[in-house]
Amino acid sequence: EAIKCFTTSLEINEFQAHTHFRRALAYYEINEYENSMNDLDAAIKLGMKPEECKFLQEKLVKKFGMNM
């Protein structure tokens, strides 16, 4: 349900860094790590500070072996 709401919001305005970040967290919770990484990357590119995202980046690296 949360992912649908975040997606709808991003369809209206795709440049919302915090919405990408929140959807990344939601994807992480349902083990959709690649989607989580994509949204996290978008959030950072749109202006979120990398230090704000560090804990999720570390979780993705541990769970999925991703390098961000």
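Predicted model: local features only at pLDDT ≥ 70, side-chain atom pairs only at ≥ 80, totals over all residues.
The largest nonpolar core has eleven residues: A17, F21, A24, Y28, Y33, L40, A43, M48, C53, L56 and L60. The biggest share, four residues, belongs to α2. In soluble globular proteins, nonpolar side chains tend to be buried together.

| Helix pair | Axis distance | Axis angle | Crossing |
|---|---|---|---|
| α2 and α4 | within 11 Å | roughly 30° | left-handed |
| α3 and α4 | 11 Å | about 160° | left-handed |

The axes of α2 and α4 cross at roughly 30°. Angles under 35 degrees count as roughly parallel, so α2 is roughly parallel to α4. On the α2 side, the contact is made by F21, A24, L25 and Y28, and on the α4 side by E52, C53, F55, L56, K59, L60 and K63. By class, these residues are eight nonpolar, no polar and three charged.

For α3 and α4 the angle is about 160°. Angles over 145 degrees count as roughly antiparallel, so α3 is roughly antiparallel to α4. Here Y33, S36, M37, L40 and I44 of α3 meet P50, C53, L56, Q57, L60, K63 and F64 of α4. This contact holds nine nonpolar, two polar and one charged residues.

Definitions and conventions
Residues numbered from 1 in each chain as written. Heavy atoms only, no water. Core = buried A, V, L, I, M, F, W, Y, C linked by side-chain atoms within 4.5 Å. Buried < 20%, exposed > 50% of the residue type's maximum accessible area, 1.4 Å probe, protein only. Helix = DSSP H or I, 4+ residues; strand = E, 2+ residues; numbered from the N terminus. Axes fitted to C-alpha atoms, helices over the stretch in contact; angles between N-to-C directions. Parallel < 35°, antiparallel > 145°, perpendicular 65-115°, else oblique. Left-handed = near helix turned anticlockwise from the far one by under 90°. Contact = heavy atoms within 4.5 Å. Nonpolar A, V, L, I, M, F, W, Y, C, P; charged D, E, K, R; others polar.
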